[in-house]
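Visitor: I'd like to learn how to read this model feature by feature. Could you start with the terms and then show me each case?

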Amino acid sequence: MMKDYHKATLDRKATGKLIRDAILESDLSFEDVSVRLELASSRVIYEWMSGTKLPSLENLANLALMLSVKIEDIVALQ
């Protein structure tokens, strides 16, 4: 069964776009999300959306809960 396995990698740019789209579809602003996640600045969210950074697993889980989506809906694999 292991021979069917191939290592997946996160597509940072596509993940950023999914995060951006999910936030825009919610009634929350980027600042609202930043405050609720207790981030130092909303700049971090822009870094996620551009793909230069990815949210921690904890922030990803809380983001999914906040936006009423599954984690799989805001993560893109290559």
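Guide: Let's start with burial: a residue is buried under 20% relative accessible area, exposed over 50% and partly exposed in between, using a 1.4 Å probe and protein chains only. Phe30, at 17% relative accessibility, therefore counts as buried. Keep in mind that this is a predicted model, where local features need pLDDT of at least 70, side-chain atom pairs count only at pLDDT 80 or more, and totals for chains, interfaces and linings use all residues. Residues are numbered from 1 along each chain as its sequence is written, and side-chain values use heavy atoms, with hydrogens and water left out.

Visitor: What share of the 78 residues in the protein chain is buried?

Guide: Buried residues account for 35% of them.

Visitor: How many helices and strands are there in the protein chain?

Guide: Helices (H or I, at least four residues) and strands (E, at least two) are DSSP runs, numbered from the N terminus. The protein chain has four helices and zero strands, so the pattern along the sequence reads α-α-α-α. Along the principal axes, the C-alpha atoms fill a box of roughly 45 × 25 × 20 Å.

Visitor: How do I read the packing of two helices?

Guide: Two packed helices are described by the angle between their axes and the distance between the axes. The axes are lines fitted to C-alpha atoms, for helices over the stretch in contact, and angles run from 0 to 180 degrees between N-to-C directions. Here, helix 1 (residues 12-25) packs with helix 3 (residues 43-50) at about 125°, and their axes are 6 Å apart. That makes helix 1 oblique to helix 3; angles under 35 degrees count as roughly parallel, over 145 as roughly antiparallel, 65 to 115 as roughly perpendicular and the rest as oblique.

Visitor: Which residues make the contact?

Guide: Contact means heavy atoms within 4.5 Å. From helix 1 come Lys13, Gly16, Lys17, Ile19, Arg20 and Ile23, and from helix 3 come Ile45, Trp48, Met49 and Ser50. By class, the contact has five nonpolar, two polar and three charged residues. For those classes, Ala, Val, Leu, Ile, Met, Phe, Trp, Tyr, Cys and Pro count as nonpolar, Asp, Glu, Lys and Arg as charged, and the others, Gly among them, as polar.

Visitor: Which residues of helix 3 are buried, and what do they pack against?

Guide: Ile45, Glu47, Trp48 and Met49 are buried in helix 3. The buried residues of helix 3 pack against helix 1, helix 2 (30-36) and helix 4 (57-67).

Visitor: Now the charges. How many salt bridges does the structure hold?

Guide: Side chains of opposite charge can pair when their charged atoms come close. A salt bridge is a side-chain nitrogen of Lys or Arg within 4 Å of a carboxyl oxygen of Asp or Glu, and the structure holds four. Among them is Glu47 with Lys53, at 3.4 Å from N to O. Glu47 is buried, with a relative accessible area of 16%, while Lys53 is partly exposed at 43%. Elsewhere, salt bridges that share partners join Lys17, Arg20 and Asp21 into one network.
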